[in-house]
Amino acid sequence: MSDTSGTTGTPWALRGLVVASVLLPLLVLAGGSWLAWRSTVRDAEANLLSALAVSDEQATRVFDTHVLLGARVNDLLDDLSDDAVIARERELHDRLLAMIAGYRQVAAIIVTAADGRALVATSSYPVDHRITFSDRDYFALLRDGGAFEIGGVVFGRVTRSDVFTVAVRRGSDPRHFMGAILIGVSPSYFSKFDSDLFGGDPDHVSMLLRADATPLAGYAEPASPNPPRRDAWLVETIAHAPQGGLAHGVSSIDGVDRLIAYRRLANYPVYVVIGRQWGSIVREWRGVMATHLVFGIPATLGLFGLSLLTLRRWRGQQATLVQLQDEVHRREVAEEALRQSQKMEAVGRLTGGIAHDFNNHLTVISSNIELLQRRLPPESAALNRLTDAAMAGVQRAATLTHRLLAFSRQQPLEPEPLDVGRLVSSMSDLLRRTLGEDIAIETVLGGGLWQARVDANQLENVLLNLAVNARDAMPSGGKLTIETANAHLDDAYAASRAEVTPGQYVLLAVTDTGTGMSPEVMTKAFEPFFTTKPLGQGTGLGLSMVYGFVKQSGGHVAIYSEEDQGTTVKVYLPRFLRPEAAPAATVARAPAAQPSASGETILVVEDDEEVRRSSVEALRDIGYVVLEAGDAMEGVRLIVDRGNIDLLFTDVGLPGGVNGRALADAARSAQPGLRVLFTTGYTRNAILHNGVLDHGVHFIAKPFNLTALAAKIREVLAAPPTD
């Protein structure tokens, strides 16, 4: 079982370590953040409740003091009538003023008549007796039977400052309403106390509310001279829990999100409210977290860096291992390609040697049959049929040797700039006649097709071979598609395939809908004499010839096939880049008529006596003056001694260490302008470079018939002499 991931090959343990080096600290941080948040909120709640307890105690004491003051004033008045109070106004003013001298929260004490008129006031002497308080809500409540009421914040008619009123019923007879004792309380007293309690912190607020949520005092003091409004959110909160509690919400007055604690005073219809901005709690929590992050972030980064370093080192080791494996694979591919190349080279040398000797024998047979045909009387029809059959056999044997030479890459080629698309178009009718009506042929010719430099005749043979193979793979009929296109083989493609050079190519693809090939068959498809056809129906040289020709032309050939899905053979021919003469689609064939001689002298140099004898006899039969030699040295002596030779017809491969090319060079030194015609059944590089005929070289391949030889000789004699 593998311990690596499927996509990157990185071990799960290492990937898990990297993830854990980040995830675990994050989880710890998240858990610590949550705990710190809970602790910060709990501390804020505890602080609010503590401040609420202090403020509650202070407010309770203040209201107790006001109730006590009201009782003392009642005792001082002792049920005096309104007129008596007015008569003693000076005395009562002074005594009331002395009574409140120690109470900073008390702004004034006012005594009113039953109709609300002011009788005496500590803030003014004499008081204006026309001032009345009968319109105040607390006064109406006292008149209706109340004993103690609290009024909202107003601008005092006598005190001329903001006050809220603690009103006590005047007199001792609850059945008879004599008036009210009004104790004016300054809201700023409570604001100052809470400011000291919070140390001037602007994030805290406090409020003193009447039971109906009417504000009496608060911190901070409102900047507006108008009385503060009721906070709808706070009203709803108090209504939900009248005795007190903690709440979190947004004020409907200033839109600030706050945490509040509130409580109702034990003996009075008054609420004490303490609040703190939620944002300040968040900032406090962030401050706590910042101290953790100062230590946590470097530790996390260090752990993450160590994990990455471990992962990077592992990946470096893996990359080295992969490179090593790739190198081993490349070497295996190269070794396999080398073995295959050596095998093909060995087979090529063997087949080439066989083809050389076989071509010499076929030349003798062909020449003698043709000479025999010329000497037979016209009325010998039976003998003519026999010689025709023999000649047909020679031609079939010559085709086999041609394919063997093509496979071994030893056939002479005459490449020229070629429009492959035009060649395909010109062969369409021939292919239709060859393949029959059961095979539908479709050609797809690429636009802007590049030229290729290739032997047109041999490329025609390649296309014909591929078409015939495709026909044999479609015994019940099918479709053959021939495509041309521009192609580019990159470095990656070339690295995985032997003998492929990266670059630009002209692609010729032949696709059939036939039986296809198995992978095992595809690996052997290009080997000579390998065939899947029944005995007697195939030589196994068709694809071998294609392979040899394409490789000799500097190209590449590949097979793509699946059983019962058809086959595609792709031939890549190197792009021709230099502009030359207009391309030719085909090479001209030798004329059928036998050219006549004009008494020219021809020197035949051939080491095979039978081939030399048949060639000499044939040329003399045509009318040439023929000299013969068995090796190069003898040929040179004849040229020097005889002179005035019109044409040297020599085999390329000669004994004695001097080949036909060296003989031609020596002959031209002795007789400048001498025309030379080479022949061979197998050659290395005497007149070829990489399988291509040297410029200006005239050549005829063995086996040749006498008609083709006579035509080639007339062609060479008619050509201008070369140095």
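Predicted model: local features only at pLDDT ≥ 70, side-chain atom pairs only at ≥ 80, totals over all residues.
Buried means under 20% relative accessible area, exposed means over 50%, and partly exposed is anything in between (1.4 Å probe, protein chains only). Residues are numbered from 1 along each chain as its sequence is written, and side-chain values use heavy atoms, with hydrogens and water left out.

**The whole chain**

- The protein chain has 18 helices and 25 strands; these are DSSP runs numbered from the N terminus (helices are H or I with at least four residues, strands are E with at least two).
- Of the 723 residues in the protein chain, 45% are buried.
- Take contacts (heavy atoms within 4.5 Å) between residues at least 6 apart in sequence: 67% of them join residues at least 24 apart.

**Around strand 11**

- Strand 11 (residues 270-277) is mostly covered, with seven of its eight residues buried.
- Strand 7 (residues 204-210) runs antiparallel to strand 11 and is joined to it by seven bridges; L208 sits opposite V272 there. Pairing here takes at least two DSSP bridges between two strands.
- Strand 10 (residues 257-264) is also antiparallel to strand 11, again through seven bridges, and Y262 has V273 as its bridge partner.
- A hairpin of five residues connects strand 10 to strand 11.

- Five strands make an open sheet with parallel pairing, in the order 20-19-21-22-25.
- Strand 20 (625-629) and strand 25 (698-701) are the edges; each has a single partner strand, so one side of each has no neighbour in the sheet.
- Neighbouring strands of this sheet are turned by 20° against each other on average, direction ignored (axes are lines fitted to C-alpha atoms, for helices over the stretch in contact, and angles run from 0 to 180 degrees between N-to-C directions).
- Strand 21 (residues 647-651) and strand 22 (residues 675-680) share five bridges, and T650 is partnered with F678.
- Helix 15 (residues 609-622) lies across strand 19 (601-605), strand 20 and strand 21, at about 170° to strand 20.
- Helix 16 (residues 632-642) packs on the sheet too, touching strand 19 and strand 20, with its direction at about 140° to that of strand 20.

**Salt bridges**

- There are 24 salt bridges in the structure, each a side-chain nitrogen of Lys or Arg within 4 Å of a carboxyl oxygen of Asp or Glu.
- E600 and R714 meet in one of them (3.0 Å, N to O). This pair links distant parts of the chain, 114 residues apart: E600 is in the loop between strand 18 (566-574) and strand 19, and R714 is in helix 18 (residues 706-718).
- E600 counts as buried because its relative accessibility is 14%.
- R661 and D665 form another, with their closest N and O atoms 3.9 Å apart. The two are four residues apart in helix 17 (residues 660-670), so about one helical turn separates them.
- D137, R210, D212 and R230 are linked in a salt-bridge network.
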